[in-house]
Structures are given as structure tokens and as C-alpha cells.
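This report concerns charged and aromatic side-chain contacts. The sequence and structure are shown below.

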Amino acid sequence: QLDPIDADSESAKAEVKIRRALSTGAKGLRELQQRTNAQRTGLWVWKAALTNLQDNQEVYFDSKNKFYALMEST
């Protein structure tokens, strides 16, 4: 959690922040945005990072409970 983020682009930095925030448990959209400072990153970049993680099947969205969580590694 406290390691510096080593990434080349803003999108990659946002992806790392999202992964770290979700590593402590599932979160709703607003809480995830707050924990990752989405406003500072820029919402377009942040949403693109979240979409990339979902497309890569690292993060899933539970539409019933409306939260995001990391996929279980098997």
C-alpha cells in the first residue's frame, strides 16, 4: 500500500491505485473514486483505467450489490 507507484502513464498509475484500493476488499463506485483520488487523476483517465482492468478480467462489477472487486486468482 505504501510503495511508490512505478508506472509510465497516467492510466497505468490509475490502474495501480485501483488495484491497491480493491486489494483491501470490495468497494462501491463512489468509495473507489475517493480512495484513488479519481478527481485528481481526471475522470476520463480513471474510467479508462477501470474499464481496462475489467476488460482484462482483473476487476469485476457485481451489478446486484453494486460494488467492484478484484477477481479471485486461481
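## Salt bridges

Four salt bridges are present in the structure; the term denotes a side-chain nitrogen of Lys or Arg within 4 Å of a carboxyl oxygen of Asp or Glu. Side chains of opposite charge can pair when their charged atoms come close.

This is a predicted model, in which local features need pLDDT of at least 70 and side-chain atom pairs count only at pLDDT 80 or more, while totals for chains, interfaces and linings use all residues. Residues are numbered from 1 along each chain as its sequence is written, and side-chain values use heavy atoms, with hydrogens and water left out.

## A pair within helix H1

Glu 10 and Lys 13 are joined by a salt bridge with an N to O distance of 3.6 Å. Both residues belong to helix H1 (residues 10–22), where they are three residues apart, about one turn of the helix. Helices (H or I, at least four residues) and strands (E, at least two) are DSSP runs, numbered from the N terminus.

Glu 10 is partly exposed at a relative accessible area of 43%, and Lys 13 is likewise partly exposed, at 29%. Under the criterion applied, buried means under 20% relative accessible area, exposed over 50%, and partly exposed in between (1.4 Å probe, protein chains only).

Within helix H1, Arg 19 and Glu 15 are four residues apart, about one turn of the helix. Their side chains meet in a salt bridge of 3.8 Å, N to O. Glu 15 is buried, with 15% relative accessible area, whereas Arg 19 is partly exposed at 28%.

Arg 19 also forms a salt bridge with Glu 58, the closest N and O atoms being 2.7 Å apart. Glu 58 lies in the loop between helix H4 (43–55) and strand S1 (59–62), and Arg 19 lies in helix H1, so this pair ties together parts that are 39 residues apart in sequence. Glu 58 is partly exposed, with a relative accessible area of 24%. Through shared partners, salt bridges join Glu 15, Arg 19 and Glu 58 into one network.

## The aromatic pair

One aromatic pair is found in a search of the whole structure. Phe 61 and Tyr 68 form this tilted pair, with 4.6 Å centre to centre and 45° between the planes. Rings of Phe, Tyr and Trp (its six-membered ring) pair if their centres lie within 6.5 Å; planes under 30 degrees apart count as stacked, over 60 as edge-to-face and the rest as tilted.

Phe 61 is partly exposed at 37% relative accessibility, whereas Tyr 68 is buried at 11%.
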